[in-house]
Amino acid sequence: MSMINGFTQDDAERLSDNEKRLIERRTRLLGPAYRLFYEHPLHTVRGEGVWLYDEQGRRYLDAYNNVASVGHCHPRVVEAITRQAGQLNTHTRYLQEGVLDYAEQLLGTFPDHLERVMFTCTGSEANDLALRISKQFTGGSGVIITRFAYHGVTGDIAELSPSLGPSMILPPHVRTVRAPDAYRLGEEQVASTFAADVRAAIADLRAHGIRPAAILLDGIFASDGVLADPAGCIAEGIALAQAEGLLYIADEVQSGFARTGLNLWGFQRHNVRPDIVTLGKPMGNGHPIAGLVGRAEVVDHFGRNMRYFNTFGGNPVSCAAGQAVLDVIRDEQLQQRSHSLGEYLVAGFKTLAERYPIIGDVRGAGMFLGVELVTDRNSKTPAAAQTRQVVNAMREQGVLISAAGPLENVLKIRPLLAFEREHADLLLAVAGEALAKIER
Ligand code: PMP
């Protein structure tokens, strides 16, 4: 994952002595791979609802977190974790009802052809398992991803994550296709371009003697710049891949659990039929639970000759957290809220675009927005420096967003699903102030 919105040592001058000490300790203890958000990193000590609090008690509106999605420290999730932790926490090698009740409810939210669920602890592991299952089922090894994809950190999955940085050199069994970027490719071209790229990728794998196994796609193309529309634009390319024997793995780690509004799952906007769907991030609202659902034929093929045990995956406490998240999404009608507030935010940013020509494109689905900044609307020249300035100016004003995309010029806005209208208004007002500042 690129770190467009990252702290560098050059920014250290302005920090307090305590902040400098913490950063020095972090670097000494954790090494250089760990990065911090914002030129002025945030020292968070507490979260509640849509707010994060720093060590001085200042609060920040969280318009970025896709983990504590139903609200920081949501009381029902905290209660479920606490109750189960006080009763029993073991693993999936004992008979237990909690994991089955949760599996039933989770599967009930998917189309009928997805009948099995397997649990992991992280999204990376879920994708890793999906890849293993796909290789076993197809007897192939070739994988198709988008050019600036991010799918996780295991050895095999990092190789499918070119957005990790230029030193991530893709291995011979991987082919990339252009992400469906309607702004830059043109709305009419996007579906046919995607399908043509998929066709070419499959042909090229075969020409090199590599049997294709899977096409793996993020449901909202977050690292590719948050690409949502037009709905259905990937359907032709995916149908083509499936007809060629590839499995379609829908990575819902970003786009799942009501994030995209109209549906619980991001792929559902695209009229496609995944063979496997991978899950993570908001699944336990901060508790590490992830997994996959898949077609029975595919999952059973894998498990028939291979046992699977993940010590922590599917443990009772994690399942209690997962169950509470599903309950909260249903009871607080967060999917409907994601849809309506998401539309309100898109409309709000489009209004800002009338005032600020630096906004080249506003897009999104539900509560996942991409606002692409350009120095010139005709040439669409990316405004990367200004994108960073907006993110940091908003952080100074107490609203947290970030940035994404191969050109480093897309404001990535992912409010907690617990947002109310007043929070959306605050986000828009502070974004407007930041844009006014850089356009001056
Ligand atoms: N897939 C996507 C689309 C992601 O955004 C991420 C995490 N950013 C992952 C997979 C990996 O999830 P995790 O960090 O839980 O391993």
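**Salt bridges and the domain interface**

Glu 244 is partly exposed, with a relative accessible area of 38%. Here, buried means under 20% relative accessible area, exposed means over 50%, and partly exposed lies in between (1.4 Å probe, protein chains only). The model is predicted: local features need pLDDT of at least 70, side-chain atom pairs count only at pLDDT 80 or more, and totals for chains, interfaces and linings use all residues. Residues are numbered from 1 along each chain as its sequence is written, and side-chain values use heavy atoms, with hydrogens and water left out.

Glu 244 forms a salt bridge with Arg 206, with 2.6 Å between the closest N and O atoms. A salt bridge is a side-chain nitrogen of Lys or Arg within 4 Å of a carboxyl oxygen of Asp or Glu. The pair links distant parts of the chain, 38 residues apart. Glu 244 sits in the loop between helix 8 (235-243) and strand 8 (247-251), and Arg 206 in helix 7 (residues 190-207). Helices (H or I, at least four residues) and strands (E, at least two) are DSSP runs, numbered from the N terminus. Arg 206 is partly exposed as well, at a relative accessible area of 39%.

The structure holds 20 salt bridges. Another joins the side chains of Arg 388 and Glu 408 (3.7 Å, N to O). Arg 388 belongs to helix 12 (residues 384-396), whereas Glu 408 lies in the loop between strand 15 (402-404) and strand 16, 20 residues apart. Arg 388 counts as partly exposed at 29% relative accessibility. Glu 408 is also partly exposed, at 33%. Salt bridges that share partners join Arg 76, Asp 327, Arg 330 and Asp 331 into one network.

The chain is divided into domain 1 (9-70 + 333-439) and domain 2 (75-331). These bounds come from an automatic or database domain assignment. The domain centres, taken over C-alpha atoms, are separated by 25 Å. In domain 1, 36 residues are in contact with 33 residues of domain 2; contact means heavy atoms within 4.5 Å. The size of an interface is often given as the accessible area lost when the parts come together. Between the two domains the buried area is about 2700 Å², of which carbon and sulfur atoms give 56%. Buried area is the accessible area (1.4 Å probe) that two parts lose on being put together, summed over both. Val 70, Gln 335 and Phe 368 supply 22% of the area that domain 1 buries against domain 2, more than any other three residues.

The count between domain 1 and domain 2 is 1 salt bridge. Arg 184 and Glu 372 form a salt bridge, their closest N and O atoms being 2.8 Å apart. Helix 11 (334-355), strand 11 (359-365), strand 12 (368-376) and strand 16 (410-413) each supply at least two residues of the side of domain 1 that touches domain 2. The residues of that side divide into 17 nonpolar, 13 polar and 6 charged. Ala, Val, Leu, Ile, Met, Phe, Trp, Tyr, Cys and Pro count as nonpolar, Asp, Glu, Lys and Arg as charged, and the others, Gly among them, as polar.

Glu 372 is buried, with a relative accessible area of 2%. Arg 184 is partly exposed at 30%. Leu 373 lies in strand 12. At 0% relative accessibility, Leu 373 counts as buried. Its contacts include Ile 358, Val 390, Leu 411 and Leu 435.

Conventions
Lists of a residue's contacts leave out its neighbours within four places in sequence.
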